[in-house]
Amino acid sequence: DNILLKSKFRGCLLGSLIGDCFGAPFEGDVMTGGGKVILQKYFDKLEGANFKGPIKQYTDDTAMTKCIVKSLTDKPAVDFKFMARLFVKEYFSDPRRGYGKNVVDVFSKLRANKFEDIFKPAEEQFSGMGSFGNGGAMRVAPLALYFHDNYQAMIRAVSDATRITHTHKNAINGAILQSMAVQQCLRLDPSEKVDTHKFVNNLIDKMRIIEVEDEGLDTEFLAPYKEKLVDVQKLLDSANDDTDEIVRILGNDIFALHSVPTAIFCFLRAQLPIPRITTDNKLRRSIQYAISLGGDTDTIASMAGSMAGAFLGDDYINKHLLRHCEGHKEMSEMADNLFAVTEDV
Ligand code: 8NA
Ligand code: MG
Ligand code: MG
Ligand code: MG
């Protein structure tokens with residue numbers, strides 16, 4: 001019903017914000033056993049009613065996610081040129097958010113070319129190969145929400161929203177996979193257990209179409225996301241909790257291929273208790289677990305958080321924890337605004 005869906009919109013965008021804000025201080029870290037103890041204490045403190053720590057700042061992940069929400073609420077017909085303008089305007093008014101270097105070059109070119117061809121600057125990057133970073137995937141949750149009822153329209157919109165900065169197939173397909181995962185989470189009942197096997201199988205079936213059939217390939221050999229999802233399934237089945245092994249198999253870096261499947265794994269693994277993570281809250285567990293893998297912690301935690309929030313809704317978010325995130329009130333309002341325009345789609 002509508003009340004649940006509205007709460008899932010908020011949960012998704014707030015989960016994404018929390019993952020970014022709390023993950024950012026650990027970006028690039030290699031997590032040891034000691035690091036995981038520190039992480040547990042960090043979250044316990046932030047959940048305390050009287051803890052007055054400094055506000056955690058969000059990074060590029062949230063800045064760009066907010067641009068996509070704003071582009072949808074201001075121009076619900078989805079105007080990608082407007083979206084590109086919002087990205088560029090946001091970057092130049094607030095550049096110190098940890099953007100990747102390639103993306104900054106794209107913003108400068110877009111501005112210099114007066115947004116004449118919004119896909120050309122990104123196409124030219126890396127000698128024409130395009131970026132395969134996770135910067136497309138990290139911002140697409142609002143499109144999964146907006147197109148929650150229209151799978152094909154979501155795929156097209158996610159692809160175009162990504163191509164403004166990232167044109168490598170792995171960046172685009174990673175963003176598509178992230179949006180599929182969020183959309184599946186919206187359809188889950190928060191009072192029921194997630195069938196993680198079915199969740200992954202659904203993603204495998206969908207990625208097979210995107211990676212193999214849409215490409216006209218007669219082989220699944222060049223289906224890297226499908227392969228990663230099979231790895232996710234195996235790791236979930238084996239109940240393997242060895243961080244080094246998980247990172248070796250799935251990755252935890254700034255490439256979309258080495259972070260989107262990892263975020264999906266974190267969300268699904270967090271449906272059950274995890275050693276050294278003491279909490280009953282599955283949203284916190286998803287985010288804390290993602291950070292505990294190290295590497296691109298803000299982005300992986302943000303993507304996992306958007307899934308957990310889309311599954312559970314905002315009632316499951318610890319309000320003390322949320323208070324420590326920069327801009328949480330605005331993000332909550334933006335979720336409601338997005339929900340309001342979505343009803344008319
Ligand atoms: P991006 O498009 O600049 O890609 C990130 C980086 O990946 C690039 O700077 C390159 O080093 C590398 N890369 C991407 N495509 C190619 C290619 N075709 N050939 C060679 N190298 C390539 O940035 P983005 O928007 O994808 O952002 C990715 C991440 O950067 C996000 O997680 C974001 O938070 C940010 N970030 C990450 C770190 C970190 O150390 N993990 C630090 C600061 C910022
Ligand atoms: Mg970031
Ligand atoms: Mg298709
Ligand atoms: Mg990052």
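Predicted model: local features only at pLDDT ≥ 70, side-chain atom pairs only at ≥ 80, totals over all residues.
View 1. Two cavities of 30 Å³ or more are present. A cavity is a set of points on a 1 Å grid over the protein atoms alone where a 1.4 Å probe fits but cannot get out; grid points are joined across faces, edges and corners, and a volume is the space filled by probe spheres set on the points.

**View 2. Lining of the largest cavity.** Five are nonpolar, three polar and three charged (nonpolar: Ala, Val, Leu, Ile, Met, Phe, Trp, Tyr, Cys and Pro; charged: Asp, Glu, Lys and Arg; polar: the others, Gly among them).

**View 3. Helices at the largest cavity.** At least two lining residues come from each of α2 (33-46) and α14 (282-292), and α14 contributes the most, with three. Helices are DSSP runs (H or I, at least four residues) numbered from the N terminus.

**View 4. The second largest cavity.** The volume here is about 40 Å³. Ser16, Thr65, Ala137, Met138, Val140, Ala141, Gln178, Ser302, Met303 and Ser306 form the lining, with five nonpolar, five polar and no charged residues. Helix α15 (residues 297-312) supplies the largest share, three residues.

**Notes.** Residues are numbered from 1 along each chain as its sequence is written, while chains are lettered from A and ligands numbered from 1 in the order in which they are written. Local features need pLDDT of at least 70, side-chain atom pairs count only at pLDDT 80 or more, and totals for chains, interfaces and linings use all residues, whereas side-chain values use heavy atoms, with hydrogens and water left out.

Definitions and conventions: 1 Å grid on protein atoms, 1.4 Å probe; cavity = no way out; pocket = protein on both sides within 12 Å on 5 of 7 lines; lining within 4 Å.
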